[in-house]
Amino acid sequence: MRAKGFEHAIGRKTDPKALGAELRRLRELAGVTVGDMADRMGWISQNISRLERGGGAREPMISSVNLYLRTLGYELVICARPKP
């Protein structure tokens, strides 16, 4: 069963932990281990874990999130809209 995606609003600053938790949820629902994900992406397992924990000194790069999602069969859609 394919999981639904998610919407993540980015304000002045991204919440890396919330974004990482959503990424991890999609990976786990797909039945993919951290090691398998790393192999598919050409990364090391520690980098996958760091992205999913929201760790690191800076916000995740869009290219990293895009690669992660595409590896799981999703597409990253970016939508800009005015604030309410």
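The model is predicted, so local features are taken only at pLDDT of at least 70 and side-chain atom pairs only at pLDDT 80 or more, while totals for chains, interfaces and linings use all residues. Residues are numbered from 1 along each chain as its sequence is written, and side-chain values use heavy atoms, with hydrogens and water left out.

The protein chain holds 4 helices and 0 strands, in the order α-α-α-α from the N terminus on. Helices here are DSSP runs of H or I with at least four residues, strands are runs of E with at least two, and both are numbered from the N terminus. Of the 84 residues, 25% count as buried; buried means under 20% relative accessible area, exposed means over 50%, and partly exposed is what falls in between (1.4 Å probe, protein chains only). Looking at contacts (heavy atoms within 4.5 Å), 52% of those with a separation of 6 or more come from residues 24 or more positions apart.

Now for the inside. The largest nonpolar core has 14 residues, and Leu23, Met37, Ile48, Tyr68, Leu69 and Leu72 have the most contacts inside it. Helices H1 (16–29), H2 (34–41), H3 (45–53) and H4 each give two or more residues to this core. A nonpolar core is a set of buried Ala, Val, Leu, Ile, Met, Phe, Trp, Tyr and Cys residues joined through side-chain atoms within 4.5 Å. Tyr68 is in contact with Leu23, Arg24, Arg27, Met37, Met41, Ile48, Leu51 and Glu52, leaving aside neighbours within four places in sequence.

An α-helix has 3.6 residues a turn, so residues three or four places apart point the same way. Just after H3, Gly54 takes a positive phi of about 80°.

There are 2 salt bridges in the structure, each being a side-chain nitrogen of Lys or Arg within 4 Å of a carboxyl oxygen of Asp or Glu. One joins Glu52 and Arg27 at 2.5 Å, N to O. This pair ties together distant parts of the chain, with Glu52 in helix H3 and Arg27 in helix H1, 25 residues apart. Both Glu52 and Arg27 are buried. Glu22 bridges to Arg25, with the closest N and O atoms 3.0 Å apart. Glu22 and Arg25 are separated by about one helical turn because they are 3 residues apart in helix H1. Glu22 is partly exposed at 26% relative accessibility, and Arg25 is partly exposed at 31%.

Pro16, in helix H1, is in contact with Gly54 and Pro60, leaving aside neighbours within four places in sequence. Leu76 comes in the segment after helix H4 (62–71).
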